[in-house]
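Here is a short briefing on helix packing and a few individual residues. The points are grouped by topic.

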Amino acid sequence: MEGTLWGFTEAQIAQFGLTFGVGAFILYMLFIVFNLARESRAGRFGTFVLFMVLSFGMLGFLAKNLIQWLLGI
């Protein structure tokens with residue numbers, strides 16, 4: 001079991017961290033955006049704009065993973 005950690009290879013650990021670690025981080029960032037909208041009393045339209053603008057990068061990351069999954073890469 002050379003080059004493994006608890007029976008997992010480096011590639012498996014990296015894939016797990018990318019999938020679940022970044023996914024958890026994205027959920028946390030969505031909570032931060034929601035909390036920001038609530039504390040600033042942004043209203044419905046302001047909350048929508050905050051989520052749209054501040055979550056645009058996260059949407060790109062999720063779209064990249066979806067496209068890779070659909071293409072089977």
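Phe34 is partly exposed, at a relative accessible area of 43% (buried is under 20% relative accessible area, exposed over 50%, partly exposed in between; 1.4 Å probe, protein chains only). This is a predicted model: local features need pLDDT of at least 70, side-chain atom pairs count only at pLDDT 80 or more, and totals for chains, interfaces and linings use all residues. Residues are numbered from 1 along each chain as its sequence is written, and side-chain values use heavy atoms, with hydrogens and water left out.

**Phe34**
- Phe34 lies in helix H1 (helices are DSSP runs of H or I, at least four residues; strands are DSSP runs of E, at least two; both are numbered from the N terminus).
- Phe34 and Phe48 are 14 residues apart in sequence. From C-alpha to C-alpha, Phe34 and Phe48 are 9.8 Å apart in space.

**H1 against H2**
- Helix H1 spans residues 10-39 and helix H2 spans residues 43-54. They pack at an angle of about 150°, with axes 9 Å apart (axes are lines fitted to C-alpha atoms, for helices over the stretch in contact; angles run from 0 to 180 degrees between N-to-C directions).
- That angle makes H1 roughly antiparallel to H2 (under 35 degrees counts as roughly parallel, over 145 as roughly antiparallel, 65 to 115 as roughly perpendicular, the rest as oblique).
- The crossing of H1 and H2 is right-handed (the near helix is turned clockwise from the far one by less than a right angle; anticlockwise is left-handed).
- H1 makes the contact with Leu30, Val33, Phe34, Leu36 and Ala37. H2 makes it with Thr47, Leu50, Phe51 and Leu54. Contact means heavy atoms within 4.5 Å.
- By class, this contact of H1 with H2 has eight nonpolar residues, one polar and no charged (Ala, Val, Leu, Ile, Met, Phe, Trp, Tyr, Cys and Pro count as nonpolar; Asp, Glu, Lys and Arg as charged; the others, Gly among them, as polar).

**H1 against H3**
- H1 and H3 pack at an angle of about 155°, with their axes 11 Å apart. H1 is therefore roughly antiparallel to H3.
- H1 passes H3 in a left-handed crossing.
- Leu18, Val22, Ile26, Met29 and Leu30 of H1 make the contact with Met58, Phe61 and Leu62 of H3.
- The contact of H1 with H3 has eight nonpolar, no polar and no charged residues.

**Ser55, between H2 and H3**
- Ser55 sits in the loop between H2 and helix H3 (56-71).
- Is Ser55 buried or exposed? Ser55 counts as buried, because its relative accessibility is 12%.
- A polar atom of the Ser55 side chain lies 2.9 Å from the backbone oxygen of Phe51.
- Leaving aside neighbours within four places in sequence, Ser55 is in contact with Leu30 and Leu50.

**Arg41, between H1 and H2**
- Arg41 lies in the loop between H1 and H2.
- Arg41 counts as exposed, at 77% relative accessibility.
- Arg41 has a positive phi of about 50°, although it is not a glycine. Most residues other than glycine have a negative phi.

**Gly7, between the strands**
- Gly7 lies in the loop between strand E1 (4-5) and strand E2 (8-9).
- Gly7 is partly exposed, with a relative accessible area of 38%.
- Gly7 and Leu62 are 55 residues apart along the chain. Their C-alpha atoms are separated by 29 Å.

Terms used
Polar contact = N/O pair within 3.5 Å; in protein donor to acceptor, adjacent residues only side chain to side chain.
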